[in-house]
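These are my notebook entries on one protein chain, kept in the order in which I looked things up.

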Amino acid sequence: MSATIHTVNIQFPEIALAPRDAHKLRGYLGRLFQDHSPLLHNHLEGGGLRYGYPLVQYKVLNKVPTLVGLAEGAQLLTELFLKIQEIRLEDAVYPVMSKNIQSATPEIGVSDELFTYQFQTLWMALNQENYRRYQRLAPPGQTALLRRIVTGNVLSFFKGIGVFLTKEERILVQLQVQPRQTQFKNQPMLAFQGKLTTNVALPESIGIGKAVSRGFGTLRRIM
C-alpha cells in the first residue's frame, strides 16, 4: 500500500522556547483561531472533544516553535499562516519577525525498505493500564510490549488520515529506546527517547503515541 499526504511545517526561527512550552503554544493559537476549526484545539462546538489522530500538532524542536499540519490540517495552517503576527504565552509576548513554511506531499505506507527515525521529543507510550503491565515485566517483555504499542501508534496514524493497510501488509518494528522521567499535566510520567526502525514510510516531524498534539513523540527520519 502506498499513498500520499499533504503536509505543512511552519517554524518561527527567531523565537526560542522550551519543549514544555508546546502546550502553551497550542493553547494560544487554539484560542486565537478557535472559530476556524476544531482541528486546531480538538474541542467540538458543543463542548465535546474531537477524538482521533491530531491533524494539527504543536511542537518545540531545537528550541524553535513548530506547527505541523496533515491533510485538512495542512490546508488550515496554510490559510492561517499570514495571520500569525505574534505569539503570547502567559505574560510573554513574542513578535513574529519571520516565519518559514514548508509544504510537501510525501509518500507513506508499508515499504520494502527499512527506515530509521529518531524521537526528537520524548515518546509517551504508556497509559495507566499498560504502565502497570510494563512495570511487572522483565526487560524482554517490556521490549515486546513497547513494540506492540508502537505498532498500534502507527496504525492509529493511518486510521486518523483515512488510510488502511491490506491484510497482506505487516508492520515490522525495532526499537532502541531508553526510559526517561517527564512531567505531563503536572504529573510525573515515564516516557522514552531513542530510535525506531520500521518498514513504514512516515511524514517528517509527525508525532506518535500519547499527547502528540502537544509535541510528544515527534519523529525525524535519519536513515
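Before placing any residue, I note that helices (H or I, at least four residues) and strands (E, at least two) are DSSP runs, numbered from the N terminus. I also note at the outset that this is a predicted model.

**Entry: the chain as a whole**

I looked up the elements and found four helices and eleven strands in the protein chain. For the overall dimensions I took the C-alpha trace, which spans about 50 × 40 × 40 Å along its principal axes. I then compared the radius of gyration with the globule rule: a compact globule of 223 residues would have a value near 17 Å, and the protein chain agrees, because its own value is 17 Å.

For burial, I recorded that 48% of the 223 residues count as buried, a class that requires under 20% relative accessible area. The accessible surface of the protein chain comes to about 12,000 Å², and 49% of that area belongs to carbon and sulfur atoms. Turning to contacts between residues at least 6 apart in sequence, I found that 70% of them join residues at least 24 apart.

**Entry: the enclosed space**

Rolling a probe the size of a water molecule over the atoms shows where empty space is left. How many cavities of 30 Å³ or more does the structure hold? I found one, and the volume of the largest cavity is about 40 Å³. Its lining is made up of L29, F33, L40, Y58, L67, L77, L80 and I84. Sorted by class, the lining of this cavity has eight nonpolar residues, with no polar and no charged ones; I keep in mind that Tyr counts as nonpolar in this scheme.

**Entry: the open space**

The largest pocket has a volume of about 470 Å³. It is lined by 18 residues, of which P19, R20, T182, Q183 and F216 are the closest to its centre. The elements that give two or more residues to this lining are helix 1 (22-32) and strand 9 (173-184), and strand 9 gives the most, with three residues. By class, I noted seven nonpolar, eight polar and three charged residues in the lining of the largest pocket.

**Entry: R20**

Is R20 buried or exposed? Its relative accessibility is 63%, so R20 counts as exposed, the cut-off being over 50%. I also checked R20 against G194: the two are 174 residues apart in sequence, and their C-alpha atoms are 19 Å apart in space.

Next I looked up backbone angles at two residues. K63 is not a glycine, yet it has a positive phi of about 75 degrees; it lies in the loop between strand 3 (56-61) and strand 4 (64-70). With a relative accessible area of 59%, K63 is exposed.

A71, also not a glycine, has a positive phi of about 55 degrees, and its place is in the loop between strand 4 and helix 2 (72-80). At 24% relative accessibility, A71 counts as partly exposed, because that class lies between the cut-offs of 20% and 50%.

Definitions and conventions:
Residues numbered from 1 in each chain as written. Predicted model: local features only at pLDDT ≥ 70, side-chain atom pairs only at ≥ 80, totals over all residues. Heavy atoms only, no water. 1 Å grid on protein atoms, 1.4 Å probe; cavity = no way out; pocket = protein on both sides within 12 Å on 5 of 7 lines; lining within 4 Å. Points joined across faces, edges and corners; volume = space filled by probe spheres on them. Rg over C-alpha atoms; globule rule 2.2 N^0.38 Å. Buried < 20%, exposed > 50% of the residue type's maximum accessible area, 1.4 Å probe, protein only. Contact = heavy atoms within 4.5 Å. Areas by Shrake-Rupley, 256 points an atom, 1.4 Å probe, with all protein chains shown as cover.
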